[in-house]
Amino acid sequence: MKTVCGIYLYGINLLRSCKVSILEVTTTLGCRVACAYCPQELYTKTFIERDRTTRLSLDTLKTSLDNIPEGTLSAVVFSGYSEPFLNPDCTSMILHCLSRNLPVEVFTTMVGVTLDDIDRLRDASIKWVIHIPDNQGLTKIKVDDNYFAMLEKLVDEFEEVVFLFTHGGLLFEYVHPEVLSFLNEKKIRFYDHLEHSRAGHISRKGMTSFRVPGKLRRCWRLNANVLLPNGDVTLCCQDFGQKHLLGNLVTSDYESLFTSEEFAKVEASLEDESIDSLCRQCVLYSFPENPVARGYHALFRLGPPYIRMKMLSVFNELARRVPSRKLQKHINNTPQK
Ligand SMILES: C[S@@+](CC[C@H](N)C(=O)[O-])C[C@H]1O[C@@H](n2cnc3c(N)ncnc32)[C@H](O)[C@@H]1O
Ligand code: SF4
Ligand code: SF4
């Protein structure tokens, strides 16, 4: 019997605070799982203004990887802004990455996965992160015999399977009851993943949009960029609106992403708060230099869910009602895309 838990993810986050280079892969345009807390519309609307490609092809992935010097990437993460397996070539793409000796992680709801996909990946060393459904209808994940057959196969056949529950409060009672029973029976713990505003893109649960003031520390996700179906690369997993488009890996090389004007602008924004960037709106991942603000962020990130939720609402309330002059200047001041 396997016990997998979220400590793993915290560990990974900690390790990654050192320099890493990750390529997140978005295999489709849009995601029909349409979770209520995920800014899908923003992703799709913004992308189709530039391009009509609806799926990442194996060729585009291959070319993109060819443009990244060998030994550069610490991992390829199939996640990005959609459900990876809604692209029928997802398994072939994962196998291609593995054939190039690239470590692979897969974030999935299992929507679009088949038993055949799991069989084809059986001998592969992959880290699976499974996004589990709730009982409030916030996700469109079909929970039926086939779903459980796949979960069963996954936990039986892979070493590293982590279960994630994204939600807006504490509450195990919000996990889909049959999935909760399955995990309990298998003695598998799941990791709670607090819903956040995706750098101001989601305003459910009364989340206030605000800008983090002062100097910001460099976030490791500046080097965890997201590949889109046409080879475009955006800053990070928060950039559903593609505000920071760094370049295109089909037409140029990896290095050019980080010598781009857009990347320079984001870097400058960490020092200079008059320069607008997504990092300023990113409550969960941007770390202020200021020690008090940093303490708040550390507690927010590591505390138990109830405390974190409370802190978030208290912070939002304070930000609205008694903001410091500096903060007041920034609250709700950011044009949303
Ligand atoms: C954007 S999804 C992409 C991969 C895949 N479609 C999935 O859902 O696992 C990656 C992760 O982001 C989480 N997520 C989506 N919206 C979120 C939000 N507003 N706050 C926190 N996590 C969120 C999902 O639960 C999932 O674990
Ligand atoms: S969280 Fe994942 S499954 Fe849900 S809508 Fe977003 S990309 Fe799709
Ligand atoms: S601070 Fe937020 S927006 Fe900026 S790179 Fe990190 S995750 Fe992305």
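The following legends describe close-up views of one predicted model. Residues are numbered from 1 along each chain as its sequence is written, while chains are lettered from A and ligands numbered from 1 in the order in which they are written. Because the model is predicted, local features need pLDDT of at least 70 and side-chain atom pairs count only at pLDDT 80 or more, whereas totals for chains, interfaces and linings use all residues.

**View 1. The chain has twelve helices and nine strands.** Helices (H or I, at least four residues) and strands (E, at least two) are DSSP runs, numbered from the N terminus. Of the 337 residues in the chain, 36% are buried; a residue is buried if 20 or more other C-beta atoms, placed from the backbone, lie within 10 Å of its own.

View 2. Strands of a sheet pair through backbone hydrogen bonds, either parallel or antiparallel. Strand 8 (residues 232-234) and strand 9 run antiparallel and are joined by three bridges. In this region, T234 stands opposite L245 of strand 9.

**View 3. The largest nonpolar core holds 63 residues.** A nonpolar core is a set of buried Ala, Val, Leu, Ile, Met, Phe, Trp, Tyr and Cys residues joined through C-beta atoms within 7 Å. V25 and I94 have the most contacts inside the core. Apart from neighbours within four places in sequence, I94 is in contact (C-beta atoms, placed from the backbone, within 7 Å) with F78, V104, V106, L121 and I126.

**View 4. Ligand 1 is surrounded by 18 residues.** A residue belongs to such a shell if its C-beta atom, placed from the backbone, lies within 6 Å of the molecule. The closest are Y37, E83, F107, H131 and T166. Strand 3 (104-108) and strand 5 (160-167) each give two or more residues to this shell.

**View 5. C38 is one of the residues around ligand 2.** Others in the shell include C31, C35, S82, E83 and T139. C38 lies in the loop between strand 1 (22-25) and helix 2 (40-48). C38 is buried because 23 other C-beta atoms lie within 10 Å. R198 is 160 residues from C38 in sequence, yet their C-alpha atoms are 8.0 Å apart in space.

How values were computed: A residue is buried if 20 or more other C-beta atoms lie within 10 Å of its own, exposed if 12 or fewer, and partly exposed in between; C-beta atoms are placed from the backbone. Two residues are in contact if their C-beta atoms, placed from the backbone, lie within 7 Å. Two strands pair if DSSP finds at least two bridges between them.
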